[in-house]
Amino acid sequence: MTPLLSRIDRQGWIFLGVLAAACVVVPVLNLTTAPGSGLHVPTYAVSLMGKYLAYAILALSLDLVWGYCGILSLGHGAFFALGGYAMGMYLMRQIGPRGVYGNPVLPDFMVFLNYKALPWYWHGFDLFPFAALMVLVVPGLLAFVFGWLAFRSRVTGVYLSIITQAMTFALMLAFFRNDMGLGGNNGLTDFKDVLGFNVQAQGTRVVLFVLTALALALAYLVARFMTTSAFGKVLVAIRDAESRTRFLGYRTAHFKVLAFTVSAMMAGVAGALYVPQVGIINPSEFAPANSIEAVIWVAVGGRGTLVGAALGAVLVNYAKTLLTGAMPDAWLFALGALFVVVTLFLPRGIVGTLVERLGSRRARARLPGPAPGEIPPALAEEGRGS
Amino acid sequence: MSAAVALQPAPEAGAPAPDKRLTSTLLYVDDIKVTFDGYRALRGLSLTLMPGEMRAIIGPNGAGKTTMMDCITGKTRPDTGLVMFDGRHDLTRMDEADIAQLGIGRKFQKPTVFDSHTVADNILLALKGPRAAVASLFGWRNRVEAARIDAILETAGLLAHRARPAADLSHGQKQWLEIGMLLAQDPKLLLVDEPVAGMTDAETEATAALLRRIARDHAVIVVEHDMAFVRALQCRVTCLHEGAVLAEGSIDSVSADPRVVEVYLGR
């Protein structure tokens, strides 16, 4: 097995370099410069960037299944939201008696809804390691069961996209209900501490940003390792010709389930990092539109490039921040137009197009190989000999 | 026959089990019938193939040639009948991946290679060996020596193209790459569907030579329309018609058979 470092290409190094620089520059500019100075990065902006990076992890996870295996999931937001809820439940339990009703065990919404005791599935979430485990396990398990049923029955293409969409929609409806015991409509919010640190504090926010950047780098490395291994080559083979891959003896459903599950876990981590920085998780995170937006990020950045997916997420969300500030009603039109324009004029996305341009320039510099259609001498000779 | 097969336990991998084979034939196809929406594609087809044998299958369109391949490789399940491989595996109850892992390789009529992979990676994916998902993340397939792949590419005449994306190959080269992938699978039986369709005469000759070389140590079934090509294969010929065997024998006896002339070759 080639060591992981040698499997990172040039764009990968640039990406990791930018992330490393962000981990240093952003905290320094936030903590050491005076508010009002030209270089100062306000704390709200640190969290905003942290949010973008969490979205970038989601985009990366989606690219792993869509870009490399052709699984167009329109429900990845569900895994993101489940990871977010797992983190949200931990943060709720950390409030303790500081809630409005002062109940030491029950979160405010439960007191309000006349809960007498904590529902069984809330137990354990006061412990961070358990909650962190659930951030991976809950989305992973859902993806495993869902994937196992769907891929074993050979559901592919549009049908698969539709059922992933149905999955996230069903979850949204379920989480909207008050008797789910997860805060219903309002979701989980009003967080106080994470691991004993005030979530509102400047220092905590900076640390959360850095952790998100590190998680993004780690997610990239995991995805890169997977896609450059023989496993990744089989994924691409499945994407391009699934039945051919089956005739080669690969049990394609197993590969898809594994990729889908790992991807869902990554999306869960993204959601878990998103929640403390945004301060709320509610059922609207399950909205099908969110999952579709994530697909657009990947398409804009370039599917099947990993780095492009992350870049697309950051760029589109930055544009969204700018535009919703200036013209709130125009955003959905802009997003739709963006998708159409990218599909028509930039089908490989930003990074895909750049790599192609550079690649073809280099190829032209190289000597031409044998022309296609030419019969190799070894074969031609043998053919004549018969 | 079927009852005996149903009682047959699945062979244990690894341990040198006693020879439980029911026949010495490599492939034993007995009276298979397939119906698609009322259309009887196969009407009691029977065929046997000895280990190491090469066989050409001819017949008019709709004779059931491709459906027969589908039944052997698990794509289609026959309504009735028996397909035994190596005397002990009932192929009608296995799926595509299982059958491929038993050692049956298939080349499709339309060349299907993995376009976005390089020529070398196409061979790498085909190489015989464990194919589990987790194994392919960490396992030996990540450490295959280039020489092993190059040896196969040499045979397929594609060594000079190893680093090119398969999408860039010509039609004929794609056919050879697919045959190279079959070689990499090192199957006991190769099924080759119309390998020379759309090839130039020179490419056709080269392909016949390649298949003859492969047939030295593999059993091969070739479906083909091109009679000059079939003759060049120098092997036994089976002519199918309306989902059953019409005639079988040497190329000369089959092409002289009046019924074959009637339905297929034309007068």
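The crossing of helices H6(B) and H7(B) is right-handed; a crossing counts as right-handed if the near helix is turned clockwise from the far one by less than a right angle, and left-handed if anticlockwise. The model is predicted: local features need pLDDT of at least 70, side-chain atom pairs count only at pLDDT 80 or more, and totals for chains, interfaces and linings use all residues. Residues are numbered from 1 along each chain as its sequence is written, while chains are lettered from A and ligands numbered from 1 in the order in which they are written.

H6 of chain B covers residues 146-155, and H7 of chain B covers residues 171-185. Helices (H or I, at least four residues) and strands (E, at least two) are DSSP runs, numbered from the N terminus. The two axes come within 9 Å and cross at roughly 135°. That angle makes H6(B) oblique to H7(B). Angles under 35 degrees count as roughly parallel, over 145 as roughly antiparallel, 65 to 115 as roughly perpendicular and the rest as oblique. The axes are lines fitted to C-alpha atoms, for helices over the stretch in contact, with angles from 0 to 180 degrees between N-to-C directions.

From H6(B), the residues B:Ile152, B:Leu153 and B:Thr155 meet B:Gly180, B:Leu183 and B:Ala184 of H7(B). Contact here means C-beta atoms, placed from the backbone, within 7 Å. By class, this contact has four nonpolar, two polar and no charged residues. Ala, Val, Leu, Ile, Met, Phe, Trp, Tyr, Cys and Pro count as nonpolar, Asp, Glu, Lys and Arg as charged, and the others, Gly among them, as polar.

H8(A) spans residues 230-240 and H10(A) spans residues 252-278. Their axes come within 10 Å and cross at roughly 110°. H8(A) is therefore roughly perpendicular to H10(A). This crossing is left-handed. H8(A) brings A:Phe231, A:Val234, A:Leu235 and A:Ile238 to the contact, and H10(A) brings A:Thr252, A:Phe255, A:Lys256 and A:Ala259. The contact has six nonpolar, one polar and one charged residues.

Next comes the interface between the chains. The contact takes 41 residues from chain B and 33 residues from chain A. On the side of chain B that touches chain A, the elements giving two or more residues are H3 (96-102), H4 (119-126), H5 (133-138), H7 and H8 (201-215) of chain B. H8(B) gives the most, with seven residues. By class, this side of chain B has 18 nonpolar, 12 polar and 11 charged residues.

H8(B) has 15 residues and reaches 21 Å from its first C-alpha to its last, close to the 21 Å expected at 1.5 Å a residue. The expected span is 1.5 Å times one less than the number of residues. Among its buried residues are B:Glu203, B:Glu205, B:Leu210, B:Leu211 and B:Ile214. A residue is buried if 20 or more other C-beta atoms lie within 10 Å of its own, exposed if 12 or fewer, and partly exposed in between; C-beta atoms are placed from the backbone.

H2(B), residues 65-73, is mostly covered: eight of its nine residues are buried. Those buried include B:Lys65, B:Met68, B:Met69 and B:Asp70. Just after H2(B), B:Gly74 takes a positive phi of about 90°.

Strand E9 of chain B holds B:Cys239. B:Cys239 is buried, with 23 other C-beta atoms within 10 Å. Not counting residues up to four places away in sequence, B:Cys239 touches B:Ile58, B:Gly59, B:Leu246, B:Ala247, B:Val254, B:Val260 and B:Tyr264.

Two loop residues close the tour. B:Asp37 sits between strands E1 (27-36) and E2 (39-49) of chain B. B:Asp37 has a positive phi of about 45° although it is not a glycine. With 5 C-beta neighbours inside 10 Å, B:Asp37 counts as exposed. In chain A, A:Asp190 lies in the loop between strands E1 (188-189) and E2 (193-194). Phi of A:Asp190 is near 65°, a positive value in a residue other than glycine. A:Asp190 is partly exposed, with 16 other C-beta atoms within 10 Å.

Terms used
Contact = placed C-beta atoms within 7 Å.
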